[in-house]
Amino acid sequence: MAQSSADQTLLKRSFRRKRLRENAAGLFFISPWLIGFLLLMFGPMVFSLGISFTEWNMVGSPKFIGLENYVHMFTSDPFYFKSMIVTFKYVFIMVPLQVVFAILIAVLLNRATYGIKFFRSIFYLPSLIQGVTLALIFSWMLNDDFGPVNYMLELVGLPRVHWLTDPNVALYALIFIALWGVGSPMVLYLSALRSVSSEYYEAADIDGAGPVRKFFNITIPLITPTILFNMLTSLISAFQTIVLAFVLTGGGPANSTYFYSLHVYRNAFTHFKMGYASAMAWVMFILIVLLTGLVLASSKYWVHYEDDGGGR
């Protein structure tokens, strides 16, 4: 009896040592990311939260002012709600368009019988050009005087468009440019389409379903997990848009492209209001978290997983 108890104790100690070694190995392998996250993300975020309750111009010592920055942005900042409206307009137009275009291109490529690698590369390569480079390319293409886009419009008898200098057009021009990066989500949709079993379509053929019915009743439901992922990443990225507006329009004309992130940047590095800029950044962070949570909560009604036996 005593020998059996001793064996069980040794077995438990051996199991604990093995689990500790596995945990230590896991922590070792993720330590580069963990250190980077703590030093480059979590630490600055905590610092930013503290600074948001102060008045600080990056030179002197921060002066604690409580919630004054948060009260100011909602009551006295004439550009706050303007930048918020521009950002929401951009997000709620660009994200759905990106989802639709990416799915349509992926469906076309999925039906291609030859040259699939070539066309996949053609549609994906533009997404590798981002940031300032993309902005400079389109500053030339959409130029009012010598841009090739206006030149082609004139060739077909259409008037020139002031893409980046007309307040009624500039925001839509930036949305059009943002769709340049549709190649990245397209690749994910193409992968999802190729994972859909042909048995579903064969069963639909027996029932007499047409292409449109099969697309909306089979294809779309089975790729909804990929749609959810792309929607969330696009949503988060769109709320942080700044480069295109900063380089191409500077927030103009008439503040029609004055994004929230651009307002945060100018308060921080033009007016040196670091406390106020930090408060604005935290409000945007909370807003993105709430919208992300809302999309995730709604996903149980429209995202379908095959493992659930065709249910949600």
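UniProt, in an unreviewed entry, puts the feature "domain: ABC transmembrane type-1" at residues 84-295. What you have above is a predicted model.

**Annotated segments**

The "transmembrane region" label, again from an unreviewed UniProt entry, covers residues 24-47, 90-110, 122-142, 169-190, 227-254 and 274-297. Take two of these spans, starting with 90-110: that stretch is 100% helix and 0% strand, and its end C-alpha atoms lie 30 Å apart. Residues 122-142 are 67% helix and 0% strand, with 22 Å between the end C-alpha atoms.

**The largest pocket**

The largest pocket comes out at about 820 Å³. It is lined by 25 residues, and S48, Q240, V264, A281 and W282 are the ones closest to its centre. Which helices supply at least two residues each to this lining? They are α1 (2-51), α11 (224-239), α13 (260-269) and α14 (274-302). Helix α14 gives the largest share, with 10 residues. Sorted by class, the lining has 21 nonpolar and four polar residues, and no charged ones.

**Aromatic pairs**

There are 19 aromatic pairs in the structure.

| Pair | Centre to centre | Angle between planes |
|---|---|---|
| W33 and F37 | 5.2 Å | 10° |
| F88 and F92 | 5.6 Å | 25° |

W33 and F37 sit four residues apart in helix α1, about one turn of the helix. At a relative accessible area of 57%, W33 is on the exposed side of the 50% cut-off. F37, at 26% relative accessibility, counts as partly exposed.

The other pair belongs to helix α3 (residues 80-111), where F88 and F92 are four residues apart, about one turn of the helix. F88 is partly exposed at 23% relative accessibility, and F92 is partly exposed with a relative accessible area of 49%. Why does F92 count as partly exposed? Because its relative accessible area is 49%, and exposed means over 50%.

Elsewhere, ring pairs tie F74, Y80, F81 and Y260 together into a cluster.

Start with W140, which lies in helix α5 (residues 131-141). Its relative accessibility is 47%, so W140 counts as partly exposed. Setting aside neighbours within four places in sequence, W140 is in contact with F146, G147 and P148. I286 is 146 residues from W140 along the chain, and the C-alpha atoms of the two are separated by 37 Å.

Next up is K214, in helix α10 (residues 211-222). Is K214 buried or exposed? K214 is buried, because its relative accessible area of 16% is under the 20% cut-off. Not counting residues up to four places away in sequence, K214 touches Y201, A204, D205, A209 and T219.

Then there's D7, which has its place in helix α1. With 39% relative accessibility, D7 counts as partly exposed. Between D7 and V303 there are 50 Å in space, C-alpha to C-alpha, and the two are 296 residues apart in sequence.

Most residues other than glycine have a negative phi, and most peptide bonds are trans. G252 and P253 are joined by a cis peptide bond, with omega about -10°. A254 is also found in the loop between α12 and α13. A254 is not a glycine, yet its phi is positive, at about 55°. With 64% relative accessibility, A254 counts as exposed.

Where is M58? M58 lies in the loop between β1 (54-55) and β2 (63-64). Its phi is near 75°, a positive value in a residue other than glycine. M58 counts as partly exposed, at 37% relative accessibility.

How values were computed: Residues are numbered from 1 along each chain as its sequence is written. This is a predicted model: local features need pLDDT of at least 70, side-chain atom pairs count only at pLDDT 80 or more; totals for chains, interfaces and linings use all residues. Side-chain values use heavy atoms; hydrogens and water are left out. Buried means under 20% relative accessible area, exposed over 50%, partly exposed in between (1.4 Å probe, protein chains only). Contact means heavy atoms within 4.5 Å. On a 1 Å grid over the protein atoms alone, a cavity is a set of points where a 1.4 Å probe fits but cannot get out, and a pocket is an open set with protein on both sides within 12 Å along at least five of seven lines; lining residues have an atom within 4 Å of a point. Grid points are joined across faces, edges and corners, and a volume is the space filled by probe spheres set on the points. Ala, Val, Leu, Ile, Met, Phe, Trp, Tyr, Cys and Pro count as nonpolar, Asp, Glu, Lys and Arg as charged, and the others, Gly among them, as polar. UniProt positions are given in the numbering used here, feature names are shortened, and annotations may be inferred rather than shown by experiment. Rings of Phe, Tyr and Trp (its six-membered ring) pair if their centres lie within 6.5 Å; planes under 30 degrees apart count as stacked, over 60 as edge-to-face and the rest as tilted.
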